[in-house]
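Let's take a friendly walk through some side chains and see how they sit together. Keep the 3D view open as you read.

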Amino acid sequence: MTEPNPFKARHLSAAQYVLALHQPEDRVAVLVRNRVREQTMQRILSAEDIANPPFQDWLKEQNDRGADIFLGMNPLRACSFARTKESIREIRHVYLDLDADAAASLRAIRTDGNTPAPNFVLDTSPEKNQAIWRVEGLDKEQAESLLRSLAAQFCGDIAATDISRVLRMPGFANRKYNEQFLVRAIQESNAIYHLRDFTIHDDSPEAPHRLADGHEPARRTSAGHKSQSEADWAFAKRALSRGDAPDDVIRRIADYRADDKADPLYYARHTVTKAQMQTRSEISISQSKAPPDIQRDQANFKR
């Protein structure tokens with residue numbers, strides 16, 4: 001971890017945020033999504049062009065018309081005109097999308113002693129946050145392994161664990177809800193982190209361990225890690241168990257898998273249906289194993 005001087009936290013405008021994340025010459029994706037009109041536009045420009053007033057004015061106009069504004073977290077290859085994992089040039093950031101009890105997750109990150117403080121924290125809607133760390137020396141496999149592990153440990157959105165992810169840009173209103181919310185960003189640190197700075201729990205029931213140093217060979221996906229389809233299914237089960245609406249869970253998975261599924265909506269619906277069936281089956285098995293007096297209480301309750 002490197003942080004040459006004590007850093008004073010500061011609020012960032014949209015333009016400041018873009019250039020704090022990226023070098024001026026980096027090619028970066030901007031996503032403009034209008035849910036009401038069912039329109040999605042993607043622009044890939046240099047970070048300098050994104051931060052310049054003409055483009056910021058265009059984004060403001062789109063936001064005023066009801067669109068949400070998102071920014072890529074990792075720069076793209078010079079000749080890339082699409083935002084795919086293969087087009088990522090370099091791993092510059094890892095991140096968490098904190099929806100469920102975000103305040104508690106941020107407290108845990110800041111106090112557990114095993115996870116470095118985020119460089120950037122975004123307020124994306126009431127009681128919801130995104131946390132971002134600057135990193136170097138990670139390959140793509142290591143980055144996604146770390147993303148999944150952080151999401152599992154700190155109750156992050158498992159659907160936001162790919163290296164080509166876009167997150168909200170500060171300075172623009174969140175249009176997802178009826179009451180608009182101005183997204184804000186605070187830069188809390190200027191440090192650059194490495195894999196050795198993160199001590200995390202795998203998805204498996206193993207004891208905590210420190211991830212491999214970036215100079216070691218990349219690890220293959222182990223039995224403790226899920227495939228992306230398994231991760232989608234686990235996310236669906238967790239979201240349903242906390243009371244999220246099935247249609248909302250389907251939409252989030254479909255949005256996430258839009259780039260690598262021929263029919264992401266069918267895939268998402270199938271995944272959520274499987275998760276619902278499995279959850280009902282687990283409840284039935286649990287009830288059948290309950291003592292007779294508890295089974296009677298459960299039966300009376302259902303009536």
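## A buried pair of rings

Start with two residues in this predicted model: Tyr-17 and Phe-120 are both buried.

A pair of aromatic rings is described by the distance of the centres and the angle of the planes.

How many aromatic pairs does a search of the whole structure find? There are four. One of them joins Tyr-193 and Phe-198, again edge-to-face, with 6.2 Å from centre to centre and 75° between the planes.

Tyr-193 and Phe-198 are both buried. Together with Trp-133, they form one aromatic cluster.

## A charge over a ring

Now look for Arg-27 and Phe-81. The charged end of Arg-27 sits over the ring of Phe-81, at 5.1 Å from the ring's centre.

## What about the cysteines?

A disulfide is a covalent bond between the sulfur atoms of two cysteines. With a cut-off of 2.5 Å between the sulfur atoms, the count here is zero disulfides.

Are the cysteines Cys-79 and Cys-155 exposed or partly exposed? Cys-79 is exposed, with a relative accessible area of 68%. Cys-155 has a value of 46%, so Cys-155 counts as partly exposed.

Methods:
Residues are numbered from 1 along each chain as its sequence is written. This is a predicted model: local features need pLDDT of at least 70, side-chain atom pairs count only at pLDDT 80 or more; totals for chains, interfaces and linings use all residues. Side-chain values use heavy atoms; hydrogens and water are left out. Buried means under 20% relative accessible area, exposed over 50%, partly exposed in between (1.4 Å probe, protein chains only). Rings of Phe, Tyr and Trp (its six-membered ring) pair if their centres lie within 6.5 Å; planes under 30 degrees apart count as stacked, over 60 as edge-to-face and the rest as tilted. A charge sits over a ring if NZ of Lys or CZ of Arg is within 6 Å of the ring centre and within 35 degrees of the ring normal.
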